[in-house]
Amino acid sequence: MRVQRTLARAALIAFAACIVAAPAALTGVARAGAATTTTTTTTPTTTTSTTSPTTTTPSSVPAYWLATATGGVYSFGGAPFFGSAGALPLVRPVVGMASTPDRQGYWLVASDGGIFSFGDATFYGSTGGIHLNQPIVGMASTLDGKGYWLVAADGGIFTFGDANFYGSTGAIHLNKPIVGMASTPDGKGYWLVASDGGIFTFGDANFYGSTGALTLNKPIIAMMAGPGGTGYVLVASDGGTFTFGTAPFYGSLGAIPIKEPIGAAAVTPGDTGYWFSDTTGEVSAFGQASYYGSAPPGLGAPVVGMAEATGTGTFVGAAYPSGSYGYDVSRFNMNSPACTTGLPTGVHDISIVEVDGESSGDANPCLAVEGTWAGAGLNLYTFLTNTGLCTSTSTCFTVGYDAGIQAFEDAGAAGVNTSVDWWLDVEGAGQYWTTSTAENAQTVLGAIDALHNTEGVADVGIYASPGTWNGIVGNYQPSVPYWMADWISPPSGPATCAAVSGWQTKEQLPTGPVEFVQYSDNTNGADGDYAC
């Protein structure tokens, strides 16, 4: 890396005087909501479908599941996998999922109302064998998990198990179709939401507002109940987020272009954050919702459901197996611009290559050569800077966003694989950054959003020294993978990995997994890296 060799050791010595403050979540651009009203009417019934459970041991970390239209289920954060409908010949596509109250199972629901139950989720009936006026679009579990509601696009409600019927919109004309539902915390009511954000309340579900009277950029695709049932969150397909009542706003994607539409969303069990998944399974985390990875490429079917789980906190999609060794390289390792000599020789699993040497500029002239040297172990990093390029948090976000887009384009122009994991090199407090930690943090957030949400890079992480990170961005702790710069004497990758927890308890570092450490500035002539 560029200045880490001179700054890291001094920062680590100064580190002892660090004061740890409470973490603060950064958010994107909020979008407001207006008001609309509610109505009622009815349609319950029952029939049959399929099941397939297994068992596991619970943990305490909020995690998540994703479900695809073909019934595939993907577990993240160490959430147990209880089975899927991916190998079954489905009559109709899966359209949603719901977890059981103890999060030791889940249901999948198809557009014909067929129910597939896994783990401790019990089958209580379905509409799979009857004619529906409109397809099923969502479901919700009862308080004790001994029943569930299904909702159709016309707002028809179908109850099973101990789920009570409180009303529906099945017999009235809707301006737009229903796209989802959420139950109240006591299970004595539910909300329905239409694609225009119109809200319909039943039972003890109260009306707190809607977007039914607004012109939306994109349709609403999901809703989530807020804390205590005194509010709710609506999510649009462009990642726009609308909060009502006491539901907290933790951020949105509505102000930036996204590569694929949002297809599903879930709230953390403690209502401290939420996750979005686009239709390819790329996950974004907000608030205190931790990021544990995205679906593998080439799913073959869109993601249509997401549910909260409990797990062990295991990250899915680490770039390198634990115990791998290798290097990070830049133009400074070679005889730039000729780029004919200077790269490390011998076997290396880790190969992380510089793209740009500053925000939106100074493209690495050796990138193509170094990309070839990296081979299958290629990851990319870009050196992020903000030296008087902006004067407010909003303009600094744009600086970071533009830098991310420029780096992606520069990598593509060099002919290297841009779909690999990316890293943002954040270092050089006072030299490459402004004195405003809030503005610097927004610059980093902008670059993350550009690469992850606009360009579709599944995993975008942070490279930084634990002794300088907070001096640059304050108490900003993005939920992204972390590549820790730290040298101990004598240089040792495993020993540095073992020391990670000590740094994490003293500094406010990125909260994602520590994937690897840079343990030396001179291993075979280059920075040495080790996968934890």
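So, surface first: the protein chain exposes about 19,400 Å², and carbon and sulfur atoms supply 54% of that. Keep in mind this is a predicted model. On the inside, buried residues make up 57% of the 532 residues in the chain. As for secondary structure, you're looking at 7 helices and 29 strands. And if you take contacts between residues at least 6 apart in sequence, 61% of them join residues at least 24 apart.

Now, the disulfides. How many does the structure hold? There are 3.

Start with C339 and C366, whose sulfur atoms sit 2.0 Å apart. This pair links distant parts of the chain: C339 is in the loop between β20 and β21, C366 is in the loop between β23 and α2, and they're 27 residues apart. The link is left-handed, with -75° about the S-S bond. C339 is buried at 6% relative accessible area, and C366 is buried too, at 0%.

Next up, C390 and C396, with their sulfur atoms 1.9 Å apart. That link is right-handed, at 90° about the S-S bond. C390 has a relative accessible area of 9%, so it counts as buried.

Then there's C497 with C532, left-handed at -85°. C497 is in helix α6, and C532 is in the segment after β29, 35 residues away. Buried or partly exposed, what about C532? Partly exposed, at 32%, whereas C497 is buried at 16%.

Number those bonded cysteines in sequence order and the pairing reads 1-2, 3-4, 5-6.

Terms used. Residues are numbered from 1 along each chain as its sequence is written. This is a predicted model: local features need pLDDT of at least 70, side-chain atom pairs count only at pLDDT 80 or more; totals for chains, interfaces and linings use all residues. Side-chain values use heavy atoms; hydrogens and water are left out. Helices (H or I, at least four residues) and strands (E, at least two) are DSSP runs, numbered from the N terminus. Buried means under 20% relative accessible area, exposed over 50%, partly exposed in between (1.4 Å probe, protein chains only). Contact means heavy atoms within 4.5 Å. Accessible areas come from the Shrake-Rupley method with a 1.4 Å probe; for residues, only the protein chains shown count as cover. A disulfide is a pair of cysteine sulfur atoms within 2.5 Å.
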